[in-house]
Amino acid sequence: MKRYFEKFKYHGLFLKMFIILVVSIIAVSVSVSWTTIRISERLFINTFSITNGKVIGQIKSGFESLNTAIVTAVNNIQQSGTVKQFLTEGGGSSLALSKTYYNMNKQMKQIAYNVDAFEIDISVTGANGRVYATNRANWPIADEALKREPMTAAAKAQPRRLLYQYSDGLENENGEREPIIAATKALMERSSGKIYGVMYLVMKESQFKRYYESYTSEGNHVVVLSNDGVIVSSDREELIGQRAPDLLAHALDIEKREIDYKDARFMDKDNIMLADYLSFYDMHVVNLIDKQWALGQLIDTKSIVLICIAIVGVALIIVFLIFRRLTRSLTRLVKQISNISKYDFHHYVAVSGSFETRQLAHAFNFMLDELHVYVEELVKTQKKQRNAELAALQRQINPHFLYNTLASIKIMVQRGSREKAADTINALISLLQNAIGNVSETVSIEQELDNLKSYVFINQVRYGERIKVNYFVAPDCMEAQVPKLIIQPFIENAFFHAFNAKQEGYIYVLVAQEGGDLVCEIADNGDGMELGDGSKLPKASSSRQLFTGIGVSNVNDRLKLLYGESYGIAITSEPEQGTQVRIRLPFQREPEDNTSFQQSS
Amino acid sequence: MKKKLATVLLSGMLLLSACASNSNNDAGGTNEEASGGGNAKAGASEVTVWAWDPNFNIKALNIAADLYKKDHPDFKLNIVENAQEDVVQKLNTSLGAGTTKGLPNIVLIEDYRSQSFLQAFPDMFHELTGTFKAEDFAQYKIGPTSVDGKNYGLPFDSGVTGLFVRTDYLEQAGYKVADLQNLTWDDFIEIGKKVKEATGKPMISLDPNDLGIIRIMIQTAGSWYMDKDGKAPYLVGNEALKEAFDVYKRIMEADIVKPHSDWSQFLANFNSGEVASVPTGNWINASIKAEASQSGKWAVVPIPKLASQPDTVNASNLGGSSWYVLNVDGKETAADFLASTFGANVDFYQQLVTDIGAIGTYSPASSGAAYEAADPFYGNQKTIADFAKWTDSIPRVNYGSSTYAIEDVLVVEMQNFLSGKAIDDVLKDAQQQAEAQMQ
């Protein structure tokens, strides 16, 4: 879990950017396609309504030419005396009847010739019960049935009007019906207003359909609607003869508002509906375009979706790869940088990845370099300063010490102990020589011991031999290098502070190797003391000190500065028992100028 | 990085909008709907036929197809029903244009018209000589179906005529069926007058625009509108025609006619009992029997003959048609289908008689049990046997190629004749017009 979180922490940048990109790519592609589809739909519907509006116009003019032909035929029948005679005369001889029938046939053939092209059958029924039919193929209705037809009554009710009427047609042997549309009109004597017959110009619905059928297609239908809401003709045959009041309402609405088209729901489908009124027929021609079908033709949703998915997919793969490349190197860099611990400036980051991260790594490494240089410079300067300080301090041999020592020697000379005076002077000379003359930083334990011995000798000369100093130095440590005058301040300290209560005692100097380090221990069996929280030795400022500037207090600082935090001084003390000072130093054989801050690059 | 991102997005958008606008092209417009017209694209085992009359010809075809399928399971007969006028018009249009595209394998053609097609378009028809035995068929059918001795048509139904009479009306006028055998048209007029007197019913229903009855009359005397070669109109000097015109006029003058103007009124006239007799082809049988309430009130007697002509017989023909194979792909299958059913199958003809009452012209079949059946509708008369008998004596005439063209002229001249124009003038004028039309 935590590992995953860790991982997420490092991939957070990548994930965040990638998710944002995925979301925006998808959003953009979806919104762009949606908008485009919307726009094209609207454009399409507009164009469609314009072209189909023209189509409706053409259908209308087709119907008008049909009407013209029918009206011509109707007028001819109306004006024909032969027809009138046929329909009004009573009985007669066979010869006379034969003549009438012959003439009627001739007359009607002539009239029918004009509407032959429309495949219209003409029937006329007369007040005298006679029926004449040019052909009964369209509507094989028996004479008696024709007289009882509701459309006969309708024609008689409005004798001056040419009515277009619909009938389901007659059932044939197979139980099928072929719907028909008949133009009916009563034949009326103009003078008296007496109706002497009815004429029927019958065409099959399939014939009527010809005027619009070529404009229809799978989702593009035409419906002809009578003014009482009956579907009179349609390329969708199952609709013929059905009532569609809602469609009629839509048609009337379109015609009333004179709009180009309207969205209408019909047969559970959304349609674009166009309509026009056929005034001669008292019918409405309605064009229904199935929206789903039409737009389905326009927009291949499946392929659009597939293309979108493909594009988004490709884009995402590309983005993924680019982003991964970008962020991976960045992440690695961040990881490396954060792994570098506080004081460990030696880990350089690997220069790899994209240009940006390479630059960053370069800059980082360069910065590390700079840092190294500065730190080194600083250390060097400090060391120099310290050395200078030290040098200056070494040169400040306490005048009191000199004065006291020289005074002691004078007394020895006056007393006549020349030997001792000469030894003292030798020790002082050696001490001074070491303190002033030797400028090198470190000295071997052997040299340091010589100095100590000289110093102790002088002190014993001056203050008597009540404090004895013993040296225990491991032979292998003789060559070890230590900073100059590192032990002397502690000896001095023990001399002047450890034996105030006690009058005599010992001071031990032990030098040994311990785990690769050099340990110098200065222990006394003197007064000891209560160690406060500072665990510091009392500050010495006395005329008895060899050097005015070097004290136990700054030895520790010096050591830490020179060798690092793990080195330094540890003091333990017990009242009445004595004090122990442990100096821990790296074990070095060769004297060297620079110790720890060596540049490694 | 930002730049790259923008490029990816931008190109994506362009692509998207491009593909959205792409599919715009195939919108709008309306698709033309292919109408299912004649389908001659029949496979080897699919045969298309054009015929009319679902109660008669089409039923016969279905029976034949079922029989043929027993031996040829792959066979499929595609029957396209068209009115006879449509068949004639479509044939004329296609053949006149010199193409057989859209035409069927088999077509039914009325005998009166067959020569006009066979002579005008000899290459368009597939010769059937040898696929059937021509001598097995009624000889009067061979003339119309062949050219120069080659058979092109397989004879189908007989147009043998009879005089269908209402026995009840005749009895009221004092006639029995036995009195009506071998009448002349003069006898017919006399009987008609008596019947009208007794019952008030006209003897006959006639359409003044259809001279079928004239054709019946002249064929009893072995005469036709055209000469023996079928080339020239034969009106002037045609004694049989002259007498037929005279008879027609006398029928009219006897006032025993009820006119009709079309087929349905014709049927209505006898189904409603308005007329006492129907002199016409046997194919009217089904229509007469359609009025079941008149069962037992009908009989069929031989068609009257012209009184004054030599060699006249009481047998004639009206209508009747034959099958023709067109010279299109699949003609061999079509010819085989016709030859093995209509051309040779006795059982098939028996079935035709029992199922449809259709009388063929295939002589070997005319003696089966079905032909000997008595029909209760006609008072147990063996009508089929009678028709078959009369078929054999129908005089053979050459219908020529212009029967209907000449008749159109005659219809007009008949009216003139009825109005008082002299018969010789009538025939002379008709002859002139007919000759003018045929040139």
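Trainee: In what order do the five strands of the open sheet in chain A stand?

Mentor: This is a predicted model. In chain A, five strands form an open sheet, and their pairing is antiparallel. The twist averages 20 degrees from one strand to the next. The order of the strands is 2-1-5-4-3.

Trainee: Why is one side of strand 2 and of strand 3 of chain A left without a neighbour in the sheet?

Mentor: Strand 2 (131-133) and strand 3 (163-167) of chain A each have a single partner strand. One side of each therefore lacks a neighbour in the sheet, because both strands stand at the edges.

Trainee: Which residue is the bridge partner of Gln165(A) in strand 4 of chain A?

Mentor: Strand 3 and strand 4 (residues 180-188) of chain A run antiparallel and are joined by five bridges. Within strand 4 of chain A, Gln165(A) has as its bridge partner Ala182(A).

Trainee: What angle does the direction of helix 3 of chain A make with that of strand 1 of chain A?

Mentor: Helix 3 (residues 94-115) of chain A packs on the sheet, where it touches strand 1 (121-126) and strand 2 of chain A. The angle between the directions of helix 3 and strand 1 of chain A is about 140 degrees.

Trainee: Are the residues of strand 15 of chain A buried or exposed?

Mentor: One side of strand 15 (residues 517-524) of chain A carries Asp517(A), Val519(A), Glu521(A) and Ala523(A), and the other carries Leu518(A), Cys520(A), Ile522(A) and Asp524(A). Both faces are covered. Of the eight residues of strand 15 of chain A, eight are buried.

Trainee: Which residue in the turn between strand 14 and strand 15 of chain A has a positive phi?

Mentor: Strand 14 (residues 505-514) and strand 15 of chain A pair in the antiparallel sense over eight bridges, and Tyr508(A) has Ala523(A) as its bridge partner. The two strands form a hairpin with two residues between them. In the turn, a positive phi of about 60 degrees belongs to Gly515(A).

Trainee: Which residue in strand 17 of chain A is the bridge partner of Ile522(A)?

Mentor: Seven bridges connect strand 15 of chain A with strand 17 (residues 578-586) of chain A, and these strands run antiparallel. The bridge partner of Ile522(A) in strand 17 of chain A is Val581(A).

Definitions and conventions
Residues numbered from 1 in each chain as written. Chains lettered and ligands numbered in written order. Predicted model: local features only at pLDDT ≥ 70, side-chain atom pairs only at ≥ 80, totals over all residues. Heavy atoms only, no water. Pairing = 2+ DSSP bridges. Helix = DSSP H or I, 4+ residues; strand = E, 2+ residues; numbered from the N terminus. Axes fitted to C-alpha atoms, helices over the stretch in contact; angles between N-to-C directions. Contact = heavy atoms within 4.5 Å. Buried < 20%, exposed > 50% of the residue type's maximum accessible area, 1.4 Å probe, protein only.
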